[in-house]
Amino acid sequence: MWKSVHVVSPRIWSRDLQRAWSTWGCRLCSQTPSNTQPSHHPRTQAEKAKRRRAREKAILNSDVNDVGLSWSDKEKITYNAALLPGEKKDTTLPFPQSYSPEYVEFGWYQWWEKQGFFSPEQHSKQPHSFDKYFSLCIPPPNVTGTLHLGHALTVAIEDALARWRRMQGYKVLWVPGCDHAGIATQSVVERKLLREQGKCRQDFSREEFLKQVWSWKNEKGDEIYHQLRKLGASLDWSRACFTMDPGFSRAVTEAFVRLCDSGLIYRSEGLVHWSCALESAISDIEVDSKELSGRTLLSVPGYQQKVEFGIMVTFAYPLEGHEGEVAVSTTRPETMLGDVAIAVHPDDPRYKDLHGKNCRHPFTERLLPIVTDSMVDMTFGTGAVKLTPAHDHTDFLLSQRHSLPHLTVIGGDGTMTSVCGQWLEGVKRFDAREQVITALMERKLFRGKKDHPMALPICSRSGDVIEPLLKKQWFVRCQEMGKKAVQAVEEGDLQIIPHFYSKMWKSWLSNISDWCISRQLWWGHQIPAYRVTLQNSKDKEEEQWVWGRSAAEARQRAAVKFGVNPDAITLTQDPDVLDTWFSSGLFPFAMLGWPEQTDDLKQFYPNSILETGSDLIFFWVARMVMLGRELTGQLPFKQVLFHSLVRDKYGRKMSKSLGNVIDPLDVISGISLERLQEKVREGNLDPRESVVAMEAQKKDFPKGIPECGTDALRFALCSYKAQGEDISLSVSHVLSCRHFCNKMWQAVRFTLATLHDASLPTSLAETYPLSSMDRWICSRLYSTVQQCERGFENFELHTVTSALHSFWLHSLCDVYLESIKPVLKCEGSDSEEQRVRERQVAASVLYHSVSISLALLSPFMPFLTEEMWQRLLPYGDSDRTSTSLCVQPYPKTSQLEHWYFPKEEADFSLVQEVVRVARLLRAQCQMTKERPDLWAVCGPDQAETLLHFRSAICTLGRISAFHLHCPEGGFTDSPPPKASAVGVVDHSICLHLSVQNGINADKQRALLSQRREKLASKLKQALARTHVPNYTDKVPDKVRQEMENKITAMEQELKNIEDQLLAFEETRKEV
């Protein structure tokens, strides 16, 4: 029954994990069989440690000029009207003066959920629905955990996509789920029992302990779901899925049985990552890599004193039958009891005469053959490598090449085994380390020790130092499934976004090794495999195994397999449970009812997309693809969208072990600095990390974190370019998004006040803009809708948020609202009828611009947009009081083709520049309250454009009259006065601001002289850059052209200043 001995290849681990094993075991081997350059691992670790210390120094340095997050308390407004859970808010109440997240977010989610808006069954009720589905699953967070900002990024992206598709008319299913998190949950419950009852797991039967776990899960396990609701995630809660639910458990059993039947699961002895504290194998993702720069004392579970790491020990093995010795180096001297050979490079001249000879083990008297292997790096250390196959991955591979035995000298509980001899048997491994070094010294075989930069593999669940151990486990055969997963991407059946992850996908899956799925736990899916004992069987050592969907099926299979009566068989179920990632790998189809052919499975499988963090590309995504294709015959999804990791402002990965994790609910609701620091102290961090974490909090959040609200957090997260470099999240950016929310709030207040005083807006199809500003804002909205369409289709959400932010802030609020205020006051036209018509059209354009842009924003800011849209609803063309914005049609360019005016949109950039320079001139002349006249001396085409927008220029530039002077174009307004401030626009338009009745002439001359000096200095620097050798050859044409334009503009402005100063001088003489 036993297969060939198996090892998990280091080729498929994460880079950090590879480094951890290579330096932890002090591998002196190269990665290829040929001669190679010296290993750079120690230098790499030293550099990483140096960077880490530099980051810590930046945090701890009190001289750092960083005032931290600056904010002031805002008035909190609460919704005080009576509201039953699930009842709709009363939006006829007075509109609050300012935006308050607590007021806005209250009540909406419960109403959405009660109305069933997030259920695919709602699809048929929508008039704009069509026959297409969009399905995805949320990466199931651990039931033990709480969401951090990485989870919040996932939720923000996925919810934006789900809401967008739902508004487009797709039948959307987004399934929530929670992972049972075997190790994490068992550890939490064990600590709880020890704290409350003084009992450990072994004091209970398995069944009793599992009752305790289920009790904890039922009490605490819904916290994640509460957080997801708080984030506004539009999940279908009626289909919520927990990986230990009965239906999901049946799917896990079915998958295991089918894979065993097809030969893809087998049992073997293999080298696994072992946590002695947990007494269980753990997965790669549960191994953290702790960087050490040299000698470091660390706390290890089960040891009262700290243990020394980061030290390289060198000792000698005496040659057998010859004078001399072979010196070897290791960071784990306790493993030398399991050494079975010494490896040297065949071309190393130091050991040429020792090929084929033996060394004698000083403690066990075993002979250790000296073998040659080109994997050995002869330039590193002594050039000789001790081989301990049962406790090192690279040594295991070498042992297979040289047919060497495997001696296990460290047991599953972390104590030394009987193989070591009575003097060490039962001694804890790191205590044994000191005893081994002492014994080597006594035998005069110790050759010294020195600091050694390294990465130490740490169990993320227990804090224990990981030990590679040989164990009999169940493995999944992955090579063929991996090839099919690579093929799916290469043939275009599976699209990976961004595309550059495809290379990583191929690299990992082309070199994949088999997957250990056994875990020595009680909480989880107990492996449905049974050890068979036959009556009168003589071979008690050989293991015989069967598997089945139930014990009865397993017994029947055993009877057929061994040709005996079922009653002659004794079955013992494997006490181990399956790796949590095994059940998670089934999520896309098990959540839909597989293996049953449910309606959901028929409708929504394969899933449309999977969105997740790029750090899960192998641990979860690849396994879903492999298992999905094998068990269902289809890929589990058509597209995979990866987002980057979220880091803190110092570039550090957000990690509980660093104390820099930010709870999204703290950003949403706000938190004091004192409470933030309490959380760090509660986190049981390393003392130094705790100091660094709390100092960082003091610098970054001296007053704590302000209440930013869900909408601001979601919008901020989606505004980062998620598909690219890691995201350095800044809470100040979230705070600026909260200010953006208030800007929108005030814009809607203005709109509501306008609509209150006007007749009802015309329908969108009947609204045709009149004025140049109406046409411009309509066209800007059309272009914004177009950008949103493209951004969503390409999954570039940052371009969508950027377009919407720009439209609301820089087009709607800063420009259009200001420009139409005179129109809304019925100022401007001579005819009363014309003024009323212009006001009505402007009010209709404003209404549709706001309501359409709220719909565009809805996938990102569901609470705020719902609140404001409901306020605008009575002014719409029908009474739709029972509907929600989240199920309204998403705006399309095809609805707005009559609003597209590309010429006005293109021309307005010139108008904005004229307004900008006019405001600048007024500020320079300190004429903030006056409304002076403005002249533009320009060409015919420019004059036409400026004439078209003349009223807007006066309003936005706070100008009383705008004169155009262009004789060749027929614009013969009076020429500008000599006593005027002059500015240049577009290198060719001269703006003259009248200052005759403005500021004191002496003050103006002084300001102009200061400006002239600054400008002359800048011009000199710019000219100097163009006179460097080979400037024309080295500098690209585009850059040279930009520089020439800058120089021309500065020269023109200098000339204008000189003319102004001359005009002032002449005026003074005349006086």
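At what angle do helix 6 and helix 7 pack, and how far apart are their axes? I shall begin with that pair, noting at the outset that this is a predicted model.

Two packed helices are described by the angle between their axes and the distance between the axes. Here, helix 6, residues 182-197, and helix 7, residues 206-220, pack at about 100 degrees, and their axes lie 10 Å apart. Angles of 65 to 115 degrees count as roughly perpendicular, and helix 6 and helix 7 are therefore roughly perpendicular to each other. On the helix 6 side, the contact involves Thr185, Gln186, Val188, Val189, Glu190, Lys192, Leu193 and Gln197. These residues meet Phe209, Gln212, Val213 and Trp216 of helix 7. Sorted by class, the contact has six nonpolar, four polar and two charged residues.

Strand 11, residues 311-318, runs antiparallel to strand 17, and five bridges join the two. Within strand 17, Lys449 is the residue that stands opposite Val313.

Another open sheet of three strands has the order 24-23-25, again with antiparallel pairing. Strand 24, at 545-547, and strand 25, at 569-573, are the edge strands, each pairing on one side only. Strand 23, residues 529-534, pairs with strand 24 in the antiparallel sense over three bridges. For Arg531, the bridge partner in strand 24 is Trp545. Helix 14, residues 551-562, packs on this sheet and touches strand 23, strand 24 and strand 25. The direction of helix 14 makes about 130 degrees with that of strand 24.

Finally, the cavities. How many cavities of 30 Å³ or more does the model contain? The count comes to six. The second largest cavity holds about 90 Å³ of space. Of the 14 residues that line this second largest cavity, the closest to its centre are Ser119, Gln122, His123, Arg166 and Tyr170. By class, the lining of the second largest cavity divides into six nonpolar, six polar and two charged residues.

Terms used:
Residues are numbered from 1 along each chain as its sequence is written. This is a predicted model: local features need pLDDT of at least 70, side-chain atom pairs count only at pLDDT 80 or more; totals for chains, interfaces and linings use all residues. Side-chain values use heavy atoms; hydrogens and water are left out. On a 1 Å grid over the protein atoms alone, a cavity is a set of points where a 1.4 Å probe fits but cannot get out, and a pocket is an open set with protein on both sides within 12 Å along at least five of seven lines; lining residues have an atom within 4 Å of a point. Grid points are joined across faces, edges and corners, and a volume is the space filled by probe spheres set on the points. Ala, Val, Leu, Ile, Met, Phe, Trp, Tyr, Cys and Pro count as nonpolar, Asp, Glu, Lys and Arg as charged, and the others, Gly among them, as polar. Axes are lines fitted to C-alpha atoms, for helices over the stretch in contact, and angles run from 0 to 180 degrees between N-to-C directions. Helices (H or I, at least four residues) and strands (E, at least two) are DSSP runs, numbered from the N terminus. Angles under 35 degrees count as roughly parallel, over 145 as roughly antiparallel, 65 to 115 as roughly perpendicular and the rest as oblique. Contact means heavy atoms within 4.5 Å. Two strands pair if DSSP finds at least two bridges between them.
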